[in-house]
Amino acid sequence: MVTASSISFGANSTFTSSSIPKTKPLFNIIPHSLKFTTGNGRAAVTFQRPVSVIPKATSADSRATKEPSRTFHGLCYVVGDNIDTDQIIPAEYLTLVPSNPDEYEKLGSYALIGLPATYTTRFIDENETKTKYKIIIAGGNFGCGSSREHAPVALGAAGCSAVVAESYARIFFRNSVATGEIYPLESEARLCEECSTGDVVTIEMAERRLINHTTGKEYKLKPIGDLGPVIDAGGIFAYARKTGMIASRN
Amino acid sequence: MASSVISPAPTSSFINNKKDLGSFCFSSTSQFSVNKCKKSAVSKKIVSVMAPQQSERRPATTGSVKNAMTLTEKIFSRASEKPQLSPGDNVWVNVDILMTHDVCGPGSFGIFKKEFGENAKVWDREKIVIIPDHYIFTSDERANRNVDILRDFCMEQNIKYFYDIKDLGNFKANPDYKGVCHIALAQEGHCRPGEVLLGTDSHTCTAGAFGQFATGIGNTDAGFVLGTGKVLLKVPPTLRFVLDGEMPDYLLAKDLILQIIGEISVAGATYKSMEFVGTTVERLSMEERMTLCNMVVEAGGKNGVVPADGTTFKYLEDKTSLPYEPVYSDEKASFLSEYRFDISKLEPLVAKPHSPDNRALARECKDVKIDRVYIGSCTGGKTEDFLAAAKVFLASGKKVKVPTFLVPATQKVWMDVYTLPVPGSGGKTCSQIFEEAGCDTPASPSCGACLGGPKDTYARMNEPMVCVSTTNRNFPGRMGHKEGQIYLASPYTAAASALTGYVTDPREFLE
């Protein structure tokens, strides 16, 4: 993990410098400043999932208190290599504006609709708008192609919590972190060949492991890396506020 | 001072001994010397030409003592006001230009307002360029509404550069409208050496042709930049591509980049900068350099750069009066890897369905029957791309065998297509040659069907068919239909294919 020390502030008086906190995962609940709200500030009620730093336990109240670990649990959907943004959200749906709550929901309903017919199981069942697969397991270079933020947004809006891929394309990874819509994790092994769509999996962030309950196997996940502090803070805006880069909101 | 021809110092680990076969292939049958660095694929001839550079832990330097830096590192250094940095560092960078368009603008503005307040003002009304270009000539209501959203924001914020369009029925009736954002940015003088240009579009990397750092970002990052003029970026290491040799007259920059992507794969440059140097590159025009840098993202690249030189300065002469300061890689800068290509040995290429790295020789695909040809987009819809296509049609003198769609990238390109004389034609314009060849009439300038778009988009692939296209991506469904098959190619190859109805090597007509 890196970079707290490499953040510097320009001479511009708009930005105040502050001492940079040691980077370590924060386990407190941090209001996710990037969650989409309607114009009057009311959080869209249809959000099912809490923000990425809030532990997603299997207990009833997932908006839990301080817990030492984050977990994701649910069915997994498996895709291969080089799943590009056109497959994640075909371009014809990009007229939907993600910062508009109604259109945000509609975007979600089209998530992964661009996958070819070789994927016999749909990510979202016909006549549904949400997915039953909380976790996507992918091969290499997930999210390649366009810079469209609609891609991680569509996945998050559909109800996906995390992606575990062999590797990511840069802009998609960055957008996932910036929006906080899905947690982009990297596996050490090629999980897309180990898991099948419909397997029940649990991801334990602190232990950095994925457990496939259906096959009984466990796998190691890679550390979150440089963008850990940004993810922990809750996205780029929260991170910038926390480090004094921009003023806090009142 | 152009340092684009940097010979590796004798003490460098660049291997130039043919006998050192353990390091790379340089057989007479191969067209190029190559260095593959696929990390996971099992392959026999995959090693670095240059010993992998370990990132060293450099002690902090003081005063004006600097370590050697690459072009991209120098841009980061200046933009972040840090005299010293290394690949891997995360730094806050000052942005010179932020571009957005009709697809991502509304979302970016939404985030900007939510985070900075309904009455917030953008950080600099002159550094933001708003270019509607993606879904313009359509009856899709949301698409049309998105252009209105751009307009409302621009009026409210008094944005200086907004290339508006209101009359969708007649693009020429819109004096401000330009067309495809990346081409408009160049043509309007917003690309300058040494600067940082961000855009809410993956092909923003096109601007690297001007020796600047240019990359694509999402709505949230853009919303952040709108308010602050800064972005948090990780300094990328640089892959260097040395292209030498005289470019054969049947090759274009599109072939060069398809060659490179085919070599390093769609993830070969992830998080890395791609620097293009060498005698071939120096002789490329600005538009050809733009084509080269445009598809850097298809290799996963963070950005691409061509060092600025006389060609760059000449192009910029009548386009910008803002001062700029080009930077260049130091002689002793560290590159992650170096790849060398002898361009004189290259042949026209295509990228077969369904990946930009699915490289094949055009002549080896001559049995592939096609249904249509598409010439357009930021990759292959510039003036020179149309001149190139016209050259092939002129050489043939025959008519196309399949529907051939022409979508000039910008108004200016459209004008050029209708006014510029094609060399060797006795004064005919591209448009005349296209008409004689039976191509479709050049369409209104926009991104068009490159990415499919709303169902009524001109030239969209609404049924499964085979298309040779001068665009940049051919993943399933890219141009509309999931079962569509797209062969990415240069304008020469596209035009040649149109004439035969099969994927065709342009040498059939150019030699």
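Chain B exposes about 18400 Å², and carbon and sulfur atoms supply 50% of that. Accessible areas here come from the Shrake-Rupley method with a 1.4 Å probe, and for residues only the protein chains shown count as cover. For chain A the accessible surface is about 9800 Å², with 50% belonging to carbon and sulfur atoms.

Before going on, the ground rules. This is a predicted model, where local features need pLDDT of at least 70, side-chain atom pairs count only at pLDDT 80 or more, and totals for chains, interfaces and linings use all residues. Residues are numbered from 1 along each chain as its sequence is written, chains are lettered from A and ligands numbered from 1 in the order in which they are written, and side-chain values use heavy atoms, with hydrogens and water left out.

Now the two chains. Chain B has 15 helices and 17 strands; chain A has 6 helices and 7 strands. Helices (H or I, at least four residues) and strands (E, at least two) are DSSP runs, numbered from the N terminus. Read from that end, chain A goes β-α-α-β-α-β-α-β-β-β-β-α-α. Of the 511 residues of chain B, 63% are buried, and of the 250 residues in chain A, 60% are. Buried means under 20% relative accessible area, exposed over 50%, and partly exposed in between, with a 1.4 Å probe and protein chains only.

Contact means heavy atoms within 4.5 Å. In chain B, 75% of the contacts between residues at least 6 apart in sequence join residues at least 24 apart. In chain A, 65% of the contacts with a separation of 6 or more are between residues 24 or more positions apart.

Next, the interface. Together they bury about 4700 Å², 54% of it on carbon and sulfur atoms. Buried area is the accessible area (1.4 Å probe) that two parts lose on being put together, summed over both. On the chain B side, B:Trp92, B:Lys114 and B:Glu115 supply 14% of the area buried against chain A, more than any other three residues.

On to the cavities. The structure holds 10 of 30 Å³ or more. A cavity is a set of points, on a 1 Å grid over the protein atoms alone, where a 1.4 Å probe fits but cannot get out; lining residues have an atom within 4 Å of a point. Grid points are joined across faces, edges and corners, and a volume is the space filled by probe spheres set on the points. The largest cavity has a volume of about 190 Å³. It is lined by 22 residues, and B:His134, B:Asp201, B:His203, B:Leu451 and B:Arg478 are the closest to its centre. The second largest cavity is about 140 Å³ in volume. Of its 16 lining residues, the closest to the centre are A:Cys144, A:Gly145, A:Ala169, B:Val297 and B:Gly300.

In helix H1 (residues 71-79), 7 of the 9 residues are buried, among them B:Leu71, B:Ile75 and B:Phe76. Just after H1(B), B:Glu81 takes a positive phi of about 55°.

B:Lys254 lies in helix H6 (residues 253-264). Is B:Lys254 buried or exposed? B:Lys254 is buried, with a relative accessible area of 2%. Leaving out residues up to four places away in sequence, B:Lys254 touches several others, including B:Thr291, B:Met295, B:Thr379 and B:Leu488. B:Lys254 and B:Met295 are 41 residues apart in sequence and 8.6 Å apart in space, C-alpha to C-alpha.

Technical notes:
On a 1 Å grid over the protein atoms alone, a cavity is a set of points where a 1.4 Å probe fits but cannot get out, and a pocket is an open set with protein on both sides within 12 Å along at least five of seven lines; lining residues have an atom within 4 Å of a point.
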